[in-house]
Amino acid sequence: MLQAPYGSLDRDKPLIRLPFTHFAVGTVLMALTGLIASIGISLMYHFEESTYTHCQVPNYLPSISASISLVPERYIWRFCIGLHSAPRFLVAVAYFTFYRGRFAKRQLDLLFSGLALLASWAENVGLLMLTYVSSTETYSVHKYGFIVFIASSFLHMLITCRLWQVVKKYSLNPEEMTSYRWKLRLFVFNVICLLTTFYFFRRHNKYCEPGIYTFFALCEYLVVLSNMAFHMTAFWDFGNKEVMVATPPEDKRY
């Protein structure tokens, strides 16, 4: 019996086909799992080490940096962020392609689209820097990674809200309207939490009051969680799309 050559019907089928909603949820869940696991283990097994500061006053929650500098927390966090970061680069490109289609004749918005892409990539690079270089290994690199992450995250969310303000003006899609509203809410919430985090951090270092570092850590969690939620709005933006790995038409052989 003759066998059909490889590259006919079987070759036309996608190797991987995944709804974008599953892709988006899975990507964010990897980071969320790493965060919860790291903080949970620190609280249960490394409470004293993770909540200690130079002020030597009582604190009840570890900062994320303190938590992911311990073992095995750092390895759990690095594993989860490693799996989380690669899809983030792809999602940034997907957004850029989406914006190019919407703003083909709007040069300013096309420029903002490019800036959003660069800011998203820089945010991801900053996350990788602060993840793979802990504060107890090379503090300066960890600090600069944190600064890059926070600054790029703010810039990315700001530009994204600006772009989606334009998108909603010309869209009747209820999912896009919902996405814009949640983006704006999460951006405002993130900025408020970020300013509060800086306030408590400065106050802790200046006055060494008991429990203030705990409020700093709590606000830091909210900054990270609101960032994750902001990226989760891709659930609405690409809800009818799929992620596929397939053979390009020009590479097929018949």
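Mentor: Before we start, helices here are DSSP runs of H or I with at least four residues, and strands are E runs of at least two, numbered from the N terminus. And keep in mind that this is a predicted model.

Trainee: Okay, let's start with Asn190. Which helix is Asn190 in?

Mentor: Helix H8, which covers residues 174-207.

Trainee: And why does Asn190 count as buried?

Mentor: Buried means under 20% relative accessible area. Asn190 has 3%, so it counts as buried.

Trainee: What does Asn190 touch, leaving out residues up to four places away in sequence?

Mentor: Asn190 touches Met157, Val223, Ser226 and Asn227. Contact takes heavy atoms within 4.5 Å.

Trainee: On to the cysteines. How do you know that Cys55 and Cys208 form a disulfide?

Mentor: The cut-off is a pair of cysteine sulfur atoms within 2.5 Å. The sulfurs of Cys55 and Cys208 are 2.0 Å apart, so the pair passes the cut-off. The structure holds one disulfide.

Trainee: What makes that disulfide left-handed?

Mentor: The torsion about the S-S bond of Cys55 and Cys208 is about -60°, so it's left-handed.

Trainee: Which parts of the chain does the pair link?

Mentor: Distant ones: Cys55 sits in the loop between H3 and H4, Cys208 in the loop between H8 and H9, and 153 residues separate the two.

Trainee: Are these two cysteines buried or exposed?

Mentor: Cys55 has 13% relative accessibility, so it counts as buried. Cys208 has 27%.

Trainee: What stands out in the backbone phi of Cys208?

Mentor: Phi of Cys208 is near 55°, a positive value in a residue other than glycine. Gln56 also has phi near 55°, and Gln56 is found in the loop between H3 and H4.

Trainee: What makes Gln56 exposed?

Mentor: Exposed means over 50%, and Gln56 has 59% relative accessibility, so it counts as exposed.

Trainee: What kind of peptide bond runs from Val71 to Pro72?

Mentor: A cis one, with omega near 10°. Pro72 is placed in the loop between H4 and helix H5 (73-102).

Trainee: Now the largest pocket. What is its volume?

Mentor: About 730 Å³. Its lining has 27 residues, and Ser63, Ser65, Tyr139, Phe201 and Tyr213 lie nearest the centre. Two or more lining residues each come from helix H3 (47-51), helix H4 (64-67), helix H7 (139-169), H8 and helix H9 (212-232). H7 gives the most, with seven residues.

Trainee: How do the lining residues of the largest pocket divide?

Mentor: Into twelve nonpolar, twelve polar and three charged.

Trainee: And which residues touch the most other members in the largest nonpolar core?

Mentor: Leu35, Ile64, Trp77, Leu127, Tyr221 and Met228, out of 20 residues. Helix H2 (20-45), H5, helix H6 (107-132), H7, H8 and H9 each give two or more residues to this core, and H9 gives the most, with five. Trp77 touches Ala31, Gly34, Leu35, Ser38, Ile68, Leu127 and Thr131, not counting residues up to four places away in sequence. There is a second, separate core of 17 residues, with Tyr99, Ala116, Tyr180 and Phe238 among them.

Trainee: Last one. Why is Ala246 called partly exposed?

Mentor: Its relative accessible area is 40%, so Ala246 falls between the limits of 20% and 50%. Ala246 is in the segment after strand S2 (242-245), and it touches Pro14 and Leu15, leaving out residues up to four places away in sequence.

Conventions
Residues numbered from 1 in each chain as written. Predicted model: local features only at pLDDT ≥ 70, side-chain atom pairs only at ≥ 80, totals over all residues. Heavy atoms only, no water. Buried < 20%, exposed > 50% of the residue type's maximum accessible area, 1.4 Å probe, protein only. 1 Å grid on protein atoms, 1.4 Å probe; cavity = no way out; pocket = protein on both sides within 12 Å on 5 of 7 lines; lining within 4 Å. Points joined across faces, edges and corners; volume = space filled by probe spheres on them. Nonpolar A, V, L, I, M, F, W, Y, C, P; charged D, E, K, R; others polar. Core = buried A, V, L, I, M, F, W, Y, C linked by side-chain atoms within 4.5 Å.
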